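Please look at the sequence and the structure shown below before reading on. The report that comes after them is meant to be read with both in view.

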Amino acid sequence: IDQCEQEIGFLSDKFGDIENLKFVAVDMTNLTGLEKSDYLYSRFTIHAIDKPGEERLIKWASNNLKNNCLFFVEVRSVKDELFGQGKALADNAFFTDHYRRFIVLEELINCFSKNGLEVIYSLESKGLAPYKTQDPVVIRIIGQKK
């Protein structure tokens, strides 16, 4: 799922013939009408949306996962060295060359829990997503639909 229709077109052309793999161009904070899934994966997306969007996404994920299936999330933490840099926009949100909202681990766990996702794994650390000279503090969470 991505808002960029061009990227979804590219992925569909390249990988669209793989069974059980589907690409959809839509706003992930206002999802409706998709099939229930065994797995959902969100990497570096939740910190790119506002808090209400995060809450809608996690609620949707819980409602659209099959029972006992998994939601994998990776986001930047408030403990990241970029936290506080740039123009402050809202709680934990800043604009440098783009919008970034830094996530509090306990708040994300609570959002999972209140939406029926049991957190079966969580980690907040550097070394999880190094890129070039950056090594951000990242939160990884796996939530299971019960």
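Predicted model: local features only at pLDDT ≥ 70, side-chain atom pairs only at ≥ 80, totals over all residues.

Residues are numbered from 1 along each chain as its sequence is written, and side-chain values use heavy atoms, with hydrogens and water left out.

**Helix H3**

Helices (H or I, at least four residues) and strands (E, at least two) are DSSP runs, numbered from the N terminus. A residue is called buried under 20% relative accessible area, exposed over 50%, and partly exposed in between, with a 1.4 Å probe and protein chains only. In helix H3, which covers residues 105-114, the buried residues are Leu105, Leu108, Cys111 and Phe112. Viewed down the axis of H3, these buried residues fall within an arc of 125° (the arc of the directions from the helix axis to the C-beta atoms), so they line one face of the helix. The buried residues of H3 pack against helix H2 (51-64) and against the strands S2 (65-76), S6 (117-125) and S7 (138-145). H3 is followed by glycine 116, which has a positive phi near 80°.

**Residues in the loops**

Contact, as the word is used here, means heavy atoms within 4.5 Å. Histidine 47 lies in the loop between strand S1 (37-43) and H2, and leaving out residues up to four places away in sequence, histidine 47 touches Val75, Arg76, Tyr99, Arg100, Arg101 and Ile103. A polar atom of the histidine 47 side chain is 3.0 Å from the backbone nitrogen of arginine 76.

Isoleucine 49 is also found in the loop between S1 and H2. Apart from its neighbours within four places in sequence, isoleucine 49 is in contact with Met28, Thr29, Glu54, Leu57, Tyr99 and Arg101.

Valine 78 has its place in the loop between S2 and strand S3 (87-90). Its contacts, not counting residues up to four places away in sequence, are Phe83, Asn92, Phe102, Ile103 and Val104. Valine 78 and isoleucine 139 are 61 residues apart in sequence, and their C-alpha atoms are 9.5 Å apart in space.

The table gives the accessibility of some of the residues discussed in this report.

| Residue | Relative accessible area | Class |
|---|---|---|
| Histidine 47 | 6% | buried |
| Isoleucine 49 | 13% | buried |
| Valine 78 | 22% | partly exposed |
| Asparagine 92 | 23% | partly exposed |
| Phenylalanine 15 | 31% | partly exposed |

**Backbone angles**

Most residues other than glycine have a negative phi. Asparagine 68, in strand S2, has a positive phi of about 70° although it is not a glycine. Asparagine 92, which lies in the loop between S3 and strand S4 (93-95), has a positive phi of about 60° and is not a glycine either.

**A patch on the surface**

Phenylalanine 15 is found in helix H1, residues 5-15. Together with Ile18 and Leu21, Phe15 forms a nonpolar patch on the surface, and the three have about 230 Å² of accessible area together.

Methods
Patch = residues over 30% accessible without salt bridge, like charges linked within 9 Å, V, L, I, M, F, W, Y side chains within 5 Å. Areas by Shrake-Rupley, 256 points an atom, 1.4 Å probe, with all protein chains shown as cover. Salt bridge = Lys/Arg side-chain N within 4 Å of Asp/Glu carboxyl O. Polar contact = N/O pair within 3.5 Å; in protein donor to acceptor, adjacent residues only side chain to side chain.
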